[in-house]
Amino acid sequence: MKEWIKDIGIAVIIGILLLQVIKPTIVKEHSMEPTLHSNDYIFLSKQAYRFGTPEYGDIIVFHTDLTREDGKEKLLIKRIVALGGDTVSITGGVVYRNGEPVNEAYTLDGYTATEMEEITVPEGHAFVMGDNRQNSIDSRDPRVGFLDLDEVVGKAVFRLYPFRDIGLL
């Protein structure tokens, strides 16, 4: 009996430690298609930016002031397009970062149907967008705006389900 209690105790401690580093998450929206789909089961690295820095193209989950129908906070999942000090504009369906077109082969439609004058991302913030640009509440929307990097829950690093798409993100 002592061995069982010891084994269960060790398993609980390992589980708690893992949850401090990794956060399992289920995608609920369609804004990241074709990269992620509704009901994809992914793992977030909660420590990714404690030991590293955000990079262009990272897929992140973050806190917002938006609420779900049940009144709880709505977390969003988006891709980092620009970081503090960068300029961003959208013209003719193309996103420009620091005056250069951004190669965005991952987008659903291959273009961004928004026109946006050049803006500068404040330090400590990011400009984020969904891969399904025509169906995404992201930094183009004033309800989201520039993302304060302190609001990041984690970086999406691995998809577990559906099994046919299992692997690193």
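In what order do the four strands of the open sheet lie? The views below take up this sheet, a surface patch and a loop residue. The model is predicted: local features need pLDDT of at least 70 and side-chain atom pairs count only at pLDDT 80 or more, while totals for chains, interfaces and linings use all residues. Residues are numbered from 1 along each chain as its sequence is written, and side-chain values use heavy atoms, with hydrogens and water left out.

**View A. The open sheet has the order β7-β6-β5-β8, with antiparallel pairing.** Strands are DSSP runs (E, at least two residues), numbered from the N terminus, and two of them pair if DSSP finds at least two bridges between them. At the edges are β7 (100–101) and β8 (116–120), each pairing on one side only. Strand β5 (residues 87–91) is joined to β8 by three bridges. T87 has T120 of β8 as its bridge partner.

**View B. I10, I14, L18, V21 and I22 make a nonpolar surface patch of about 400 Å².** Helix α1 (residues 2–21; a DSSP run of H or I, at least four residues) gives the most, with four residues. I22 belongs to strand β1 (residues 22–26).

**View C. T107 sits in the loop between β7 and β8.** T107 counts as buried (under 20% relative accessible area) because its relative accessibility is 7%. A polar atom of the T107 side chain lies 3.1 Å from the backbone nitrogen of G110. Leaving aside residues up to four places away in sequence, T107 touches P34, D131 and R133 (heavy atoms within 4.5 Å).

Note on methods:
Patch = residues over 30% accessible without salt bridge, like charges linked within 9 Å, V, L, I, M, F, W, Y side chains within 5 Å. Areas by Shrake-Rupley, 256 points an atom, 1.4 Å probe, with all protein chains shown as cover. Salt bridge = Lys/Arg side-chain N within 4 Å of Asp/Glu carboxyl O. Buried < 20%, exposed > 50% of the residue type's maximum accessible area, 1.4 Å probe, protein only. Polar contact = N/O pair within 3.5 Å; in protein donor to acceptor, adjacent residues only side chain to side chain.
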